[in-house]
Amino acid sequence: LNTAPVPKWALIAVAVAVAVLLVLFLVCVIKCCCSKKKPKKKEKVNLLSVSSSTTASLVQPDMEDVEQRPEDKKRGKLQYSLEYNLRTQEMKVGVKQAADLKAMDSGGTSDPYVIVYLTSDMKKKYETKVYRKTLNPVFNESFTFQVPQAEVSESTLVMQVYDFNRFAKHDIIGEVRLPLASVNLQRAIEQWSDLAAASKVEQERLGEVCFSLRYVPSTGKLTVVVLEAKKLKRMDSHGLSDPFVKVHLILNRKKWKKRKTSVKKNTLSPYFNEMFVFEVPFSQIQNVDLVISVWDHDKMTKNEQIGKLFLGCRATGNQLRHWSDMLSNPRRPIAQWHSLQAVDVVDKALGLKTPLKLPLHTR
């Protein structure tokens, strides 16, 4: 190296380059030899000669393939009509016929009928007649719903096809859901729609209520102002309600104090703006639950609860946030809208202790 005409570092660089090339060449040779020995390559080529059913079983389908399986499309289809009268605010739904329904019985047929309702008023549901042993029933029945124009765009028409069973639970074949906001109701429509898999049972919309809270720690005064409600559930036969609001205070899971608003006649969007003041010592504020319940007044029968909710340190979600905002902003009213919840759900969450009933003293 000392007698070479080129510098020593150049010779070292050439030697390193040659060594790297030799290593890369050896890696390529080894890789090629190993890949030829793998039998799986031959199997992939031979899949072309295998029947399509066998090939499908060897391939893992992705989610899109699962959603589009043929059996999901064999529920059948439904023909219906829809017409809205703007003057009378009535919606006429016609259930015409069904075709190619999925067979639900062991004999290869079904006993179909259709349930029709609007999500804005799930209490009012219509049913067609049951047709025995057929997959192509002709119903030709129509049903009329009273729907205010302002609520049309917020509702969905649901038509569910069931298989009747005298001795067991009726099985649902499929359903059609038609959001009315996507339909041009200025003219009557008649069309076919494929039946889709039935969705999970939807939570009934009970309405919303708005109220403000204000707490003054120094005086121990809790002020509740019931402002208004909207989109309440229809409770009367004519499609309206006579709502009023009850305000309860619960201390240590026992009913403590209560107030109620006036009754607003024939409305689903009442305006109250009524104030109630409770004395709650600061030492007890963390042990108090505030229960807001909306009722439908009835002169002839018992008043019915539309829905309710509760706030306090045991609450969750928007209710807990509203309560926390009130406590962190003393002497300042905090207003917020809340969705009403099912009565049994709220009562279970409250876990009230049953008070001891004392005998009444008669005079």
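Trainee: How do you know that strand 1 and strand 2 pair, and in which sense do they run?

Mentor: Good place to start. In this predicted model, strand 1 (residues 77-85) and strand 2 (residues 90-99) are joined by nine bridges and run antiparallel. Two strands count as paired if there are at least two bridges between them, so these strands meet the criterion. For a pair of residues to look at, take K77, which stands opposite A99 in strand 2.

Trainee: What makes strand 5 and strand 8 edge strands?

Mentor: Begin with the sheet they belong to: four strands in the order 5-2-1-8, open, with antiparallel pairing. Strand 5 (138-146) and strand 8 (189-194) each pair on one side only, and that is what puts them at the edge. Neighbouring strands of this sheet are turned by 20° against each other on average, direction ignored.

Trainee: And what holds paired strands together in general?

Mentor: Strands of a sheet pair through backbone hydrogen bonds, in either a parallel or an antiparallel arrangement.

Trainee: Why is H248 called buried?

Mentor: Its relative accessible area is 16%, and buried means under 20%, so H248 qualifies. H248 lies in strand 11 (residues 243-251). Leaving aside neighbours within four places in sequence, H248 is in contact with K257, K258, D289, L290 and V291.

Trainee: What makes K231 and N266 stand out in their backbone angles?

Mentor: Both have a positive phi without being glycine: K231 is near 55°, and N266 is at about 50°. K231 lies in the loop between strand 10 (221-230) and strand 11, whereas N266 is in the loop between strand 12 and strand 13 (271-279).

Trainee: Why are they called partly exposed?

Mentor: Set the values against the limits. K231 has 39% relative accessibility and N266 has 47%.

Trainee: What makes strand 9 mostly covered?

Mentor: Seven of the nine residues in strand 9 (residues 208-216) are buried. Strand 9 also has partners: nine bridges join it to strand 10, running antiparallel, and six bridges join strand 9 to strand 16 (residues 334-339), also in the antiparallel sense. V209 shows both pairings, standing opposite A229 in strand 10 and opposite H338 in strand 16. In the hairpin of strand 9 and strand 10, which has four residues between the strands, G220 takes a positive phi near 70°.

Trainee: Let's finish on the surface. Which residues form a nonpolar patch?

Mentor: The patch is made of I12, V16, V20, L21 and L24, with about 470 Å² of accessible area together. V16 is found in helix 1 (residues 8-36). V16 has 48% relative accessibility; patch residues need over 30%, so V16 passes that cut-off.

Trainee: And how much of the whole chain is buried?

Mentor: Of its 363 residues, 35% count as buried. The chain has seven helices and 16 strands, and it exposes about 23400 Å², with carbon and sulfur atoms supplying 55% of that area.

Conventions. Residues numbered from 1 in each chain as written. Predicted model: local features only at pLDDT ≥ 70, side-chain atom pairs only at ≥ 80, totals over all residues. Heavy atoms only, no water. Axes fitted to C-alpha atoms, helices over the stretch in contact; angles between N-to-C directions. Buried < 20%, exposed > 50% of the residue type's maximum accessible area, 1.4 Å probe, protein only. Contact = heavy atoms within 4.5 Å. Patch = residues over 30% accessible without salt bridge, like charges linked within 9 Å, V, L, I, M, F, W, Y side chains within 5 Å. Areas by Shrake-Rupley, 256 points an atom, 1.4 Å probe, with all protein chains shown as cover. Salt bridge = Lys/Arg side-chain N within 4 Å of Asp/Glu carboxyl O.
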